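Open the model in your viewer and keep the selection panel at hand.

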Amino acid sequence: MLGKLFKYEMKAMGRILLPVFAATFIMGIINGFLYMFMPNIGSPNVFYAMITMVFTIILIFASIATVILSYVLAIYRFQRNLLGREGYLMNTLPVSTTQNILAKLFTSMIYEAIALVVVVFSYGVFITMMIGAGASVVEFWNELWRAVTAVFSQLTGEAWIYIAEFTVLLIVSLAYSNLMFYACMSIGYSSNSHKALKSVGIYIGFYMVCQIISTMLTGSLAIGYGDSFTSAQSIHMLMISAIVMELVIAAVYWFITHFFMKKRLNLQ
């Protein structure tokens, strides 16, 4: 049943997010071509420069909107399907509370990760095409492929460890941030009035506590390592500590969400 819930969520969010992702990526390509062909325009062209600037601004706003929308839609889907009116149906299905939460969590994490990838690739294509302005399209892509291959061939074992740690931290952070929203909403919507306002207040409180814990952790590592805080060993320790801290806090958020949805659910 979890698979069916997951499939349903992927389709529901995809209907909105996939066109947005496509539009953002296309804007990156358009901007890249505008800058790529700029040297062929000849003397400064005011109209061409204005068009290029407008499309660049659109790309910036589209990128910001892509990331924000992926989070906002995830929050909206959780509130509407499980805590709002649709909750009467969703919570009567032959599925457990755990399955309902996991379906929302996995879907949100996947689309938020895709949003980040789309933005990075959009800007990557835009910037690399801008740098390669004046070259033919074939020459540009050939040089880009050679550059990417050269970079990966030079990566050391240490670099791959950094990449692995960063990837794990990114995955954990996505789960952590979504579960934080879920926990706040599950508490806020268990009340009888001002549910959304209480959820926001609880989120602010949770956020402040997490920032204090993070600051204390970073400060402790800085004191412990002293002058060698920027060494490779300390950076690895900082990454691992961040992963463990977010995993622990995410587990707390999971427990809160599960408890309030199972024991304190209020759909009125």
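How many helices and strands make up the secondary structure of the protein chain? It comes to eight helices and zero strands. Helices (H or I, at least four residues) and strands (E, at least two) are DSSP runs, numbered from the N terminus.

This is a predicted model: local features need pLDDT of at least 70, side-chain atom pairs count only at pLDDT 80 or more, and totals for chains, interfaces and linings use all residues. Residues are numbered from 1 along each chain as its sequence is written, and side-chain values use heavy atoms, with hydrogens and water left out.

**Whole chain.** Select the protein chain. Of its 268 residues, 35% are buried. Buried means under 20% relative accessible area, exposed over 50%, and partly exposed in between (1.4 Å probe, protein chains only). The accessible surface comes to about 15200 Å², and 75% of that belongs to carbon and sulfur atoms. Those areas come from the Shrake-Rupley method with a 1.4 Å probe; for residues, only the protein chains shown count as cover.

**Largest nonpolar core.** Next, select F78, Y182, M185 and Y253. In this core of 28 residues, they touch the most other members. A nonpolar core is a set of buried Ala, Val, Leu, Ile, Met, Phe, Trp, Tyr and Cys residues joined through side-chain atoms within 4.5 Å. Two or more residues each come from α2 (46-83), α4 (97-131), α6 and α8. Helix α6 gives the most, with 10 residues.

Zoom in on F78. Not counting residues up to four places away in sequence, F78 touches L83, K104, Y182, M185, T257 and M261. Contact means heavy atoms within 4.5 Å.

**Second largest pocket.** Elements giving two or more lining residues are α6 (157-188), α7 (195-225) and α8 (232-263). The largest share, seven residues, comes from α7.

**Last stop.** Select V54, in helix α2. V54 is partly exposed, with a relative accessible area of 41%.
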